[in-house]
Amino acid sequence: MLNLIFFGPPGVGKGTQASKAAKHYNLIHVSTGDILREEIRLETELGIKVKDVIASGELVPDKYLIELLENTCEKHKGAQGFVFDGFPRTLRQAEALEEMMERTNCKVAKVISLEVPAEELVRRLVNRAIEQGRTDDTADVIKNRLVVYQKHTEPLIDFYKKRDVFVVIPGEGTIDDIFAAICNEIDNRY
Ligand code: AMP
């Protein structure tokens, strides 16, 4: 099994690269943001519960994410592996993922951390909000999402560095060049 995590702040390009990696390595792409937005669209019980939290740029409580993780992995039991995109975002989620991996004798092979300068991030988020009509991405919410990222998600860098799986890939350049750097990292070191 090949399990990868795409890590980095909102707007860094995780979704694009995670989706390419899932196709290339034949893995299941798990974007928790996409799953949650779909729940909202379908007006499910979970969707109704998380709608306001997502609109504010805050994180959805861990218990929902952990449940969502377990359901998704259960649904794709025979998969060759997973590409996690936007998950984990808190230490508690990272621990839950690790426990789940241990139960099934698997591990996270790599955490691919995409990095771009802060001004570039804001520029990308504003453009994305305009292009995709993402109502969760207004200027104040964008700022809040970056603050939430620093507070809750950045501590995961140490968590994964300790496990020796953390790699940094510069997130500027063409989509294909960035993807080539990611594949190089996975193919040569895995
Ligand atoms: P994303 O599309 O990954 O930027 O996610 C959009 C929003 O969904 C986030 O701002 C959070 O409110 C929520 N969300 C997605 N993934 C998670 C997660 N792993 N933990 C908590 N909230 C999440």
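1. A crossing of two helices is called left-handed if the near helix is turned anticlockwise from the far one by less than a right angle, and right-handed if the turn is clockwise. In this predicted model, α2 passes α3 in a left-handed crossing.

2. The geometry of that pair can be stated further, since two packed helices are described by the angle between their axes and the distance between the axes. Helix α2, residues 32-41, packs against helix α3, residues 45-56, at an angle of about 115°, and their axes are 8 Å apart. On the α2 side the contact is made by Leu36, Glu39 and Ile40, which meet Leu46, Gly47, Val50, Lys51 and Ile54 of α3. Sorted by class, this contact has five nonpolar, one polar and two charged residues.

3. The loop between α2 and α3 holds Glu43, and the backbone there deserves a look, as phi of Glu43 is near 55°, a positive value in a residue other than glycine.

4. Pro88 is found in the loop between β3 (82-85) and α5 (91-103).

5. The largest pocket has a volume of about 1100 Å³. Its lining comprises 49 residues, of which Pro10, Gly11, Lys14, Arg128 and Arg134 are the closest to its centre. Two or more lining residues come from each of β1 (4-7), α1 (14-25), α2, α6 (118-132), α7 (139-153) and α9 (175-189), and α6 gives the most, with seven residues. By class, the lining has 18 nonpolar, 18 polar and 13 charged residues.

6. Which residue forms a salt bridge with Asp176? The partner of Asp176 is Lys20, and the closest N and O atoms of the pair are 3.4 Å apart, where the criterion for a salt bridge is a nitrogen-oxygen separation within 4 Å. Because Asp176 lies in helix α9 and Lys20 in helix α1, the pair ties together parts that are 156 residues apart in sequence. A search of the whole structure finds ten salt bridges.

Conventions
Residues are numbered from 1 along each chain as its sequence is written. This is a predicted model: local features need pLDDT of at least 70, side-chain atom pairs count only at pLDDT 80 or more; totals for chains, interfaces and linings use all residues. Side-chain values use heavy atoms; hydrogens and water are left out. Axes are lines fitted to C-alpha atoms, for helices over the stretch in contact, and angles run from 0 to 180 degrees between N-to-C directions. Helices (H or I, at least four residues) and strands (E, at least two) are DSSP runs, numbered from the N terminus. Contact means heavy atoms within 4.5 Å. Ala, Val, Leu, Ile, Met, Phe, Trp, Tyr, Cys and Pro count as nonpolar, Asp, Glu, Lys and Arg as charged, and the others, Gly among them, as polar. On a 1 Å grid over the protein atoms alone, a cavity is a set of points where a 1.4 Å probe fits but cannot get out, and a pocket is an open set with protein on both sides within 12 Å along at least five of seven lines; lining residues have an atom within 4 Å of a point. Grid points are joined across faces, edges and corners, and a volume is the space filled by probe spheres set on the points. A salt bridge is a side-chain nitrogen of Lys or Arg within 4 Å of a carboxyl oxygen of Asp or Glu.
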